[in-house]
Amino acid sequence: MDIRAYIGLAIMLFSIGIIGVLIRRNAIILFMCIELMLNSVNLLLVAFSKMHANGVAHANPSLASDAQVFVFFIMVVAAAEVSVGLAIIVMMYRNIHSVDINFLNRLKN
Amino acid sequence: MGITTIVFFILSAIAVMSAIMMVVSKSPVHSVLWLIAVFFTISGHYILMNAQFLAIVNIIVYAGAIMVLFLFVVMLMNLNVESEPMKNYRIQLAGVVAGGSLMLVLLSALMKTDKLMVQLKDGDVGLIRQLGRVLFNDYLIPFELSSVLFLSAMIGAVVISKRDK
């Protein structure tokens with residue numbers, strides 16, 4: 001499989017995530033769109049790792065494994081980020097009884 | 001056209017369609033379920049590239065833990081179609097145009113790249129044996145630091161969601 005097919009798929013998923021962040025107002029949906037963008041980048045990292053496994057890293061396969069370890073760490077950070085972010089959203093819902101991000105502009109004053 | 005090509009395009013079509021449905025569906029519960037579908041197709045891609053460890057971890061961590069947390073919060077807040085805040089039509093159109101033009105720019109930049117092949121179905125790069133060796137030899141200190149990160153995230157979530165006196 002051509003690497004460009006994987007890059008194209010990752011670009012599409014990433015752009016859909018960006019469009020979701022731009023057009024939705026629900027804070028939870030925005031958060032989910034960010035997760036979608038993280039996952040498209042993960043997919044791209046794994047595809048590049050397998051591309052290297054096909055090419056330069058025949059002699060030393062641990063060169064190609066680095067990208068997959070990176071994906072593992074991205075998943076770790078995403079899990080920690082989701083736990084804190086959802087706690088913030090729940091606290092915001094308890095205070096203003098809404099998840100609409102337009103009500104958060106009171107942070108300005 | 002081999003079987004792997006067909007599987008790749010089927011998985012990609014399902015992933016993109018589910019992602020679009022996640023963005024456009026009004027009900028937050030439906031959005032969460034569509035995002036779980038996207039994660040399963042991405043796990044399918046990992047299996048296709050023989051990255052077995054990441055496929056399993058993706059299902060366990062993303063589809064299993066993170067999305068259940070999202071679903072729990074959505075149902076806890078009792079969000080549904082009536083309470084869903086929507087932007088007006090003009091801002092939505094501007095967002096779609098902005099994101100679509102970003103996609104066009106990136107895809108047109110992609111057209112000029114070289115053709116390099118991705119290894120599918122075989123190779124031991126993504127096996128647990130290989131990844132564990134790399135993780136505990138070269139990345140031991142980041143691995144230990146991530147446990148500190150988890151501890152701080154745990155304490156942070158408890159402190160944030162505690163009702164202040």
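**Notebook: the A–B interface and the domains of chain B**

I began with the contact between the two chains, which takes 70 residues from chain A and 83 residues from chain B. I note at the outset that this is a predicted model, and I read every value below as computed from it.

Next I looked up the buried area, and found that chain A and chain B bury about 7,200 Å² between them, with 76% of it on carbon and sulfur atoms. I then asked which helices of chain A each supply at least two residues of the side that touches chain B. They are α1 (3-23), α2 and α3 (62-96) of chain A, and α3(A) gives the most, with 27 residues. Sorting the side of chain A that touches chain B by class, I recorded 49 nonpolar, twelve polar and nine charged residues.

For the polar side of this interface, I searched for salt bridges between chain A and chain B and the rule finds zero, whereas the count of residue pairs in polar contact between these chains, with both residues at pLDDT 80 or more, is six.

I turned to the aromatic rings, of which the structure holds nine pairs over all chains.

Then I went to chain B by itself, which is divided into domain 1 (3-126) and domain 2 (127-165). I found that 25 Å separate the centres of domain 1 and domain 2 of chain B, taken over C-alpha atoms, and that their contact takes six residues from domain 1 and four residues from domain 2.

The area buried between these two domains of chain B is about 500 Å², of which carbon and sulfur atoms give 69%. I asked which three residues supply more than any other three of the area that domain 1 of chain B buries against domain 2. They are B:Phe53, B:Asp124 and B:Gly126, which supply 69% of that area.

My last entry is that the side of domain 1 of chain B that touches domain 2 has two nonpolar, three polar and one charged residues.

Note on methods:
Residues numbered from 1 in each chain as written. Chains lettered and ligands numbered in written order. Predicted model: local features only at pLDDT ≥ 70, side-chain atom pairs only at ≥ 80, totals over all residues. Heavy atoms only, no water. Domains from an automatic or database assignment. Contact = heavy atoms within 4.5 Å. Buried area = accessible area lost by both parts, 1.4 Å probe. Nonpolar A, V, L, I, M, F, W, Y, C, P; charged D, E, K, R; others polar. Phe/Tyr/Trp six-rings, centres within 6.5 Å; stacked < 30°, edge-to-face > 60°. Salt bridge = Lys/Arg side-chain N within 4 Å of Asp/Glu carboxyl O. Polar contact = N/O pair within 3.5 Å; in protein donor to acceptor, adjacent residues only side chain to side chain. Helix = DSSP H or I, 4+ residues; strand = E, 2+ residues; numbered from the N terminus.
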